[in-house]
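Hi everyone, thanks for coming.

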Amino acid sequence: MRAIDRERLETPASGWALPKVIDGPATATATATLTIPLDGLTITAPQPEMLSQKNVETVTGIPARVFLDTIRAPAFPLLITKLGKLRLVQREAFIAYLRSLASEPASRRTTEADERTRVAAVLASAGLETVSSPRAGRASAPPARTSRARMPPK
């Protein structure tokens, strides 16, 4: 048997060292210490099962105030768990609820059209008609000389 067959590489935990000859069975393993900069690593934690006002912004991007206002709305359909001041909602159900809100623009337009029709009917019953006005970029009070409805000419 040659001397190299009995040689085993052993390295200290601090890095590389010269091989030492150790009596015993030959192995084919080597140990090395790697240095990786922290900005080279990406560590991803699993998503939480429940959303609260403390973690909702990091998970969904929605501010805590908007989350609380949303879950306090009378028509909010999901189960809310209350632990002191903490409000918990299942993450998957909340995200599905947000997606359902995003997929209803046609029904909102229909609701707005129905409201305009009802307003026009009320004005017509009072002998008034609607006047269209150009929309401003933001909500503001109308100028003093304009009105929202006018009497039809006689």
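Predicted model: local features only at pLDDT ≥ 70, side-chain atom pairs only at ≥ 80, totals over all residues.

Residues are numbered from 1 along each chain as its sequence is written, and side-chain values use heavy atoms, with hydrogens and water left out.

Okay, the core. The largest nonpolar core has 10 residues: L51, V56, I62, F67, L68, I71, F76, V89, F94 and Y97. By nonpolar core I mean buried Ala, Val, Leu, Ile, Met, Phe, Trp, Tyr and Cys residues joined through side-chain atoms within 4.5 Å. Buried is under 20% relative accessible area, exposed is over 50%, and partly exposed is in between, with a 1.4 Å probe and protein chains only. Two elements give two or more residues here, helix 2 (64-72) and helix 3 (91-102), and helix 2 gives the most, with three. Helices are DSSP runs of H or I, at least four residues, numbered from the N terminus.

Take F76 from that set. Skipping neighbours within four places in sequence, F76 is in contact (heavy atoms within 4.5 Å) with T70, I71, V89, F94 and Y97.

Now, how many salt bridges do we get? The count is two, using a side-chain nitrogen of Lys or Arg within 4 Å of a carboxyl oxygen of Asp or Glu. One joins D69 and R65, at 3.6 Å from N to O. Those two sit four residues apart in helix 2, so they are separated by about one helical turn. D69 is partly exposed, at 46%.

The other pairs R91 with E92, at 2.8 Å from N to O. Here R91 is buried, at 12%, whereas E92 is exposed, at 51%. R91 is in helix 3, and leaving aside neighbours within four places, R91 is in contact with Q47, P48, E49, M50, L51 and V59.

Last stop, a pocket. The lining of the second largest pocket is E112, E115, R116, V119, L123 and T130. Helix 4 (residues 105-125) supplies the largest share of that lining, five residues. By class, the lining has two nonpolar, one polar and three charged residues; Ala, Val, Leu, Ile, Met, Phe, Trp, Tyr, Cys and Pro count as nonpolar, Asp, Glu, Lys and Arg as charged, and the others, Gly among them, as polar. For the pocket itself, we use a 1 Å grid over the protein atoms alone, and a pocket is an open set of points where a 1.4 Å probe fits, with protein on both sides within 12 Å along at least five of seven lines; lining residues have an atom within 4 Å of a point.

That's me done, thanks.
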